[in-house]
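Q: Hey, I've just opened this one and I'm new to it. Can you walk me through it?

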Amino acid sequence: MPRLTVEELQALKPKGEKLVMLTAYDYPSARIAEEGGVDVILVGDSLGMVVLGYDSTIPVTLEDMIHHTKAVVRGSERALVVTDMPFMSYQASIEDAIRNAGRLLQESGCQAVKLEGGVHMAETVRRIVQVGIPVVGHIGLTPQSINQIGRYRVQGTTSEAAERLREDAIALQQAGAFCVVLETIPARLAGLITQRLRIPTVGIGAGSDCDGQVLVWHELLSYAPTFLPRHIPRHVKQYANVGEQMRQAIEQYAAEVRGGSFPTTKESFRMDKSLLAELEKTQA
Ligand code: KIV
């Protein structure tokens, strides 16, 4: 099955069809996301928090992203795979940004990259797009700036901040981004930005008027939420409680091994009776 293209994803907006994006970070999660029918798999740098156990996305490296994206690409077929450019892989210079975006595509097999920032990143986006690499923008709550923002909290709540976000979105569209993620901003503002743009918006904590939605794998599935360093945000709908099911299964396994009820002869391989008798005879 051929992968969805940027053009096909963009064609959803005028038809009023929603774009479905989900994060995944390894082969099995990519397979399941694919089988579940998502359009875009995002290998988010949330990887740092939900998979690698860091308390922010800051420590994530380009090598981490390449390693995990390769597995996601192997596990997917039809979904377009977008990979996050990690902190400091694109901020220091446009040359760095182009080279690192190129490495992500060449070495991991993803089809597009995502980076955080609006007006001040527009030239970087333009130059990456110019060399043939599709770019997803990301504005609103931008976790790579957590040390500046202070807390994971709603953005664009004053009229100046809301106007800046609208300008950011327009600048990204003009620079050639093929879609833009709006994270944790008021639903009304996300709706206005969505109306204003030709390219699709993909919301996370940005209400229902966006052209699509994205959720983080571990949050959607409630997969080990107790060890997540950031609390489950208000916008998250937990569609399953996979973490609890896994914990219960492991508890049962441990109890059965300790109690001697697993494995039983049913789970064991059988041995030829004469061979067994011979072995028993020579047993010291
Ligand atoms: O890193 C990530 O998972 C993301 C999504 C929250 C959009 O950027």
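**Loops, ligand and a helix**

A: Helices here are DSSP runs of H or I with at least four residues, strands are E runs of at least two, and both are numbered from the N terminus. Keep in mind that this is a predicted model, where local features need pLDDT of at least 70 and side-chain atom pairs count only at pLDDT 80 or more, while totals for chains, interfaces and linings use all residues. Residues are numbered from 1 along each chain as its sequence is written, and side-chain values use heavy atoms, with hydrogens and water left out.

Q: What joins Phe262 and Pro263?

A: A cis peptide bond, with omega at about 0 degrees. Most peptide bonds are trans.

Q: OK, on to the ligand. Which residues are around the ligand?

A: Among them are Thr23, Leu42, Ser46, His138, Glu183 and Val216. To count, a residue needs a heavy atom within 4 Å of the molecule.

Q: And how many of the shell residues are nonpolar, polar or charged?

A: The shell has 4 nonpolar, 4 polar and 4 charged residues. Ala, Val, Leu, Ile, Met, Phe, Trp, Tyr, Cys and Pro count as nonpolar, Asp, Glu, Lys and Arg as charged, and the others, Gly among them, as polar.

Q: How far is a polar side-chain atom of Lys114 from an oxygen atom of the ligand?

A: That one is 2.8 Å. The protein buries 97% of the 260 Å² that the ligand exposes when taken alone, with areas from the Shrake-Rupley method and a 1.4 Å probe; for residues, only the protein chains shown count as cover.

Q: What about Asp84?

A: An N or O atom in the Asp84 side chain is 3.1 Å from a ligand oxygen. Asp45 also has a side-chain N or O atom 3.1 Å from an oxygen of the ligand.

Q: Switching topic: where is Met88?

A: Met88 is in the loop between strand 3 (80–84) and helix 6 (94–108). Its phi is positive, about 70 degrees, although Met88 is not a glycine. Most residues other than glycine have a negative phi.

Q: Is Met88 buried, exposed or partly exposed?

A: Met88 counts as partly exposed because its relative accessibility is 45%; buried means under 20%, exposed over 50%, and partly exposed in between (1.4 Å probe, protein chains only).

Q: And Thr184?

A: Thr184 also has a positive phi, about 50 degrees, without being a glycine. Thr184 is buried, since its relative accessible area is 17%.

Definitions and conventions:
A polar contact is a pair of N or O atoms within 3.5 Å; within protein, one must be able to donate a hydrogen and the other to accept it, and residues adjacent in sequence count only if both atoms are side-chain atoms.
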